[in-house]
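Colleague: Could you take me through how charged side chains, strands and pockets are read in a model, one feature at a time?

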Amino acid sequence: MASWDPSAAISTYLTLEDISNAPRDSKYATPVLKLTADAQDKGYDIVCLPITTDKWKQRWTDMCVLPPGSDGERHGEAEQRAEAWRSRPGFMRDEVTITRVDEGEGVTAMISDWLELDAVDDWVRHDTEIALQQELSYISYLNIQTAILPPPQNRNHVASYARIVNSCLKNTPYIHLSIRLPIYNPSIFHPSPSNAAPRTPPRAGTSPHAPRLMIPDRDVPAPEAEVNATWEMWDVIRSMCDYNPRLTLTLDLSPALPTKLGVLSKWTAESVRYIFLPSSTFIANTKGYPVLPKPTQNFLRDSMIHRPTIILAEAHLGNHTRGGEAAYSQYIKHMERSSSAVQAAHRVGAVENFAMGYQDYLQAPLQPLMDNLQSVTYQTFEQDPVKYRHYEEAIYRALVEWPSQEEEIVLCVAGAGRGPLVARSLAAIQRSGRSACVYAVEKNPNAFVTLQNRHGLEWDSKVKLLFGDMRSIEVPEKADILISELLGSFGDNELSPECLDGAMRFLKSNGISIPSSYTAHLAPLSSSKLYNEARTTKDEKSVETPYVVMFQAVNILSGDGGGISGSCGPQVQECWEFEHPRRDPVLDNRGLPLTNSHNARSAKLNFHIPHAGVLHGLAGYFEAVLYDNIGLSIHPHHKDHVSKDMLSWFPLFFPFREPLYLPSNSELQVSIWRLTNERQVWYEWHAESFLVTLNTSHGDAISGSPGNSAAFNSTSPSVGNYSPLVDAFDSAVLDQRQGAKTPPVLGTVSIVKIGQTSLHNPGGRSSWIGL
């Protein structure tokens, strides 16, 4: 697999003051070239700088903004200049910071931060859009690849901001745009008065007293609302831009982060390209060196796996007494080295190391009955020491506990491939000291050649090879122990139930199957990366196909606990189970099932959604019992305990065609079916979202997640309507802010449906596994 490269590039942020105060040096043609060279000497990978000067801001303001109390003659002159500019927008020399292509090398451009794409005034927004297009055109002229846009600040006009960004993406097809956003909006603690003036005075013809609405006022400041306000604006922007892959995020970590990071997990599923980190975010440790607060440390460590660019601002100002400018970048590199995700990627044998290069890469599941696997595919699976160690241990335990001490025990490996399970069976026989023989059944004619070669070189009379499909082949004698490795990422998605139905013909009535059972599990997830990948081909089939994926930029939306209704299950829920051998088979005279209907399954699962997010698909996992308490698992909560560092399986991803927004404290009801006919097996899936209104005895209504319409004892005070943005676990914080202590109230639960997806893959029209 690929070796790990440093995940975090480090950039310095140059201000207009830095550029104007740069010392002249005859070695460099311009101050920007001098500053860029100095930054490279200090170890920075990239330089971020503003593309315009204050002269541009002044000219634009004089043309496009009507000052309070201005007379009509002055306004007419400004309007003439503005109209001339609108017809042919362009810069004067002193309005830009760079003019040469070589100055733009290794530079990320910062768009003028005073541009108000979401201004209250319509004409200000109109002229701001022209100004932004002008700046992007100039950046494109200088061959700069990325521009960082100022953040949206007006929730009521974020759609206008998004429309402008979408227009820019279409008009500048070679530039990547990144939206700078604080990770949450601390101004929610200090709501602006409703009659405050707009940030920019309006043009003529507009009301000078138009209201300023940054974030709509709420009666009760809600802890998660502080975090969700900016994420919701981002969600509107990227949705209106149709998840354009050239649109990314620049997360501003200037505000202190909350101590509970659960509400921040949604950012891990977003396309974060830059993290803006001013020196003011750092605090001094006991020796005076700059360090980050614990919550920011944790968030930054978790973010390192996504390889962001860290933009360090004001690092040269000497805000801390020890370490100098270099201390900040050294500390960032320490954060990277101490990241558990980065450490796992370095550790040989870890799944993260094995999967380098495959993170969030969609792979079609295998078709083991229709296709003959390539030798390199077998080789990849055989690199997994954990799986085969567990198989050997399970076989050894079954041999040791086999009741008959005198008769020879017959083992059968169904689907022997290139022989790894045969070798492990022989090792287990030797360890157990029992008398046993092994049959190896394989249908792949190419792999059967490898088996014959190993038989002649290694196994000789210890193993008997049988060529054919396990569903129809006849064996010389029945087996005491049947061993197979037919499991897929969802347990049954590579037709293990159907294959073993046929293989059970040659298992004795008291025989043992390894594995003896396996279960499929689901969880709802958000991932803009996976959503975009699934629809890349613009083919409807691609968004109705389950994919094998090594998850990275994903966020599991569900939480543990029942929500308001109390009817929800855990974060990851079991769908169904298959057991071998079946205890109630209906068989024909050959020992085969009459139909495959017994392998159909369905599940209806309820998930509590504690934090607002967007549903892009479902994460599928499996667990298997090999023998007794020996198993295999890719369940995210159990895998380290059951089969740590197992490499053979990545999770399964069931995509949705359209994203589904889920507010905080909502509930998601997922339906999934495993269906079959005489030729194929396929999955269908569907989801519905709900809110619950808890009608209390005081006449109040509390919004939350759906459940049974029954009486419910609430331990929360009656505070009117809870917003869908209010986080479940933060309701206690909300209570403290209110200073209210009220006794439990009794109420009834009313379910409100708020959304649904379409039925995916009906009749197996897009994806199926052939029998």
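Colleague: Is Glu 393 buried, partly exposed or exposed?

Modeller: Burial is judged by relative accessible area, found with a 1.4 Å probe on protein chains only, where buried means under 20%, exposed over 50%, and partly exposed in between. Glu 393 has a relative accessibility of 26%, so it counts as partly exposed. Please keep in mind that this is a predicted model, in which local features need pLDDT of at least 70 and side-chain atom pairs count only at pLDDT 80 or more, while totals for chains, interfaces and linings use all residues. Residues are numbered from 1 along each chain as its sequence is written, and side-chain values use heavy atoms, with hydrogens and water left out.

Colleague: With which residue does Glu 393 form a salt bridge?

Modeller: A salt bridge here is a side-chain nitrogen of Lys or Arg within 4 Å of a carboxyl oxygen of Asp or Glu. The partner of Glu 393 is Arg 431, and their closest N and O atoms are 3.1 Å apart. This pair links distant parts of the chain, since Glu 393 is in helix H13 and Arg 431 in helix H14 (residues 420–432), 38 residues apart; helices (H or I, at least four residues) and strands (E, at least two) are DSSP runs, numbered from the N terminus. Arg 431 is also partly exposed, at 41%.

Colleague: How many salt bridges does this rule give, and which parts does the pair of Glu 485 and Lys 387 tie together?

Modeller: The count comes to 35 salt bridges. In one of them, Glu 485 meets Lys 387 with the closest N and O atoms 3.0 Å apart. Glu 485 lies in the loop between strand E14 (479–484) and helix H16 (496–503), whereas Lys 387 belongs to helix H13 (residues 385–400), so the pair ties together parts that are 98 residues apart in sequence. Lys 387 is buried, with a relative accessibility of 3%. By contrast, Glu 678, whose side chain meets that of Arg 679 in a salt bridge (3.0 Å, N to O), is exposed at 62%. Salt bridges can also form a network, as they do among Glu 79, Glu 83, Arg 86 and Asp 127.

Colleague: What packs against the buried residues of H8?

Modeller: Contact means heavy atoms within 4.5 Å. The buried residues of H8 pack against E6, E7, E10 and helix H9 (326–337). Seven of the ten residues of H8 are buried, so this helix is largely enclosed by the rest of the structure; among them are Pro 295, Phe 299 and Arg 301.

Colleague: Which helix gives the most to the lining of the largest pocket?

Modeller: H10 does, with four residues.
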